[in-house]
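Keep the sequence and the 3D view side by side as you read.

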Amino acid sequence: MDEIDHRIQLGKRVFLGSLEGKALSWIVLFKSKGELLLLCEQAVGESSYEEIASSVTDYLESFYMECFTEEEKCKIGYFKRNAYSEACDRITLLNAMEASFFLEGEEGAENGLNLGNRLLSPHAALGKGWWLCDVFKDQAAYVDCEGVINLEKKTERLLVRPMLIYSLMQKSTKDMEIDK
C-alpha cells in the first residue's frame, strides 16, 4: 500500500473505471492521508445550463453506478461541501475556488499545482469549456476553453468532467493503473 502511495504523484494520470468500454483517465489533483483527489481528464458527457442546474447530481450518480466496478465503488469517498447540509455526493464537479487553485496554482504552496495546460489541453481543441458545480439563481460557473472561470447563463452545451476522492487504504489498489 505505501509503495503505491509513494508512486502516485500530483499531476500524474491514473486509470479508474470505464465508459463505453474505454478506460477513464484521471489527473491526481491532491494526495493526503491515503486518499487521492482525482479529476477526470476527459469529458464524460455534455450538458446544457438547464441540465446542469437541475439534474447534475442525478447525472453524476448514474455515471458512478455505470462506470465503476463494485471494488472501485467501495474506494470512492463522499464529498460534503457544506457544513450546514447533510447532502453528500460520491461524484461531483470542481467548484470555482478549486478550479482556480488547480488551474493557476498557488506559488509556494506545498500541494498547489499549476495544471492549467494539463487540465485544458484535451478540451481546448474542442473549443468547449466545462461546468463547475457552482450554480447561483440563473447562472452557473464554468471554465472556458482558455482556462478563464466564468459565471453566467450559457446557452450552449458544455462538457462534464467529474471529480472524486479515491481511497488507497481500503482493500487493494490493484484495480488502479498508474501512468508512468
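Glu-20 is exposed, with a relative accessible area of 77%. This is a predicted model. Glu-20 sits in the loop between strand 1 (13–19) and strand 2 (22–32). Its phi is near 55°, a positive value in a residue other than glycine.

Lys-33 belongs to the loop between strand 2 and strand 3 (35–40). Its relative accessibility is 80%, so it counts as exposed.

Now turn to a strand. Is Ser-167 buried or exposed? At 8% relative accessibility, Ser-167 counts as buried, because the cut-off for buried is under 20%. Ser-167 lies in strand 10 (residues 163–167). Leaving aside residues up to four places away in sequence, Ser-167 touches Gly-34, Glu-35 and Lys-75. Lys-75 is 92 residues from Ser-167 along the chain, yet their C-alpha atoms are separated by 5.0 Å.

The largest nonpolar core has 27 residues. Those with the most contacts inside it are Trp-26, Leu-38, Phe-63, Phe-68, Ile-91, Trp-131 and Leu-164. Which elements give two or more residues to this core? They are strand 1, strand 2, strand 3, helix 2 (49–67), strand 7 (139–143), strand 9 (158–160) and strand 10. Helix 2 gives the most, with five residues.

Helix 4 comes next. Helix 4 spans residues 96–104, and its buried residues are Glu-98, Ala-99, Phe-102 and Leu-103. Seen down the axis of helix 4, these buried residues fall within an arc of 120°, so they line one face of the helix. An α-helix has 3.6 residues a turn, so residues three or four places apart point the same way. Which residues are exposed on the other side of helix 4? They are Met-97 and Glu-104. Met-97 also takes part in a contact at the start of helix 4: a side-chain oxygen of Asn-95 reaches to within 3.1 Å of the backbone nitrogen of Met-97.

Terms used:
Residues numbered from 1 in each chain as written. Predicted model: local features only at pLDDT ≥ 70, side-chain atom pairs only at ≥ 80, totals over all residues. Heavy atoms only, no water. Buried < 20%, exposed > 50% of the residue type's maximum accessible area, 1.4 Å probe, protein only. Helix = DSSP H or I, 4+ residues; strand = E, 2+ residues; numbered from the N terminus. Arc of directions from axis to C-beta. Polar contact = N/O pair within 3.5 Å; in protein donor to acceptor, adjacent residues only side chain to side chain. Contact = heavy atoms within 4.5 Å. Core = buried A, V, L, I, M, F, W, Y, C linked by side-chain atoms within 4.5 Å.
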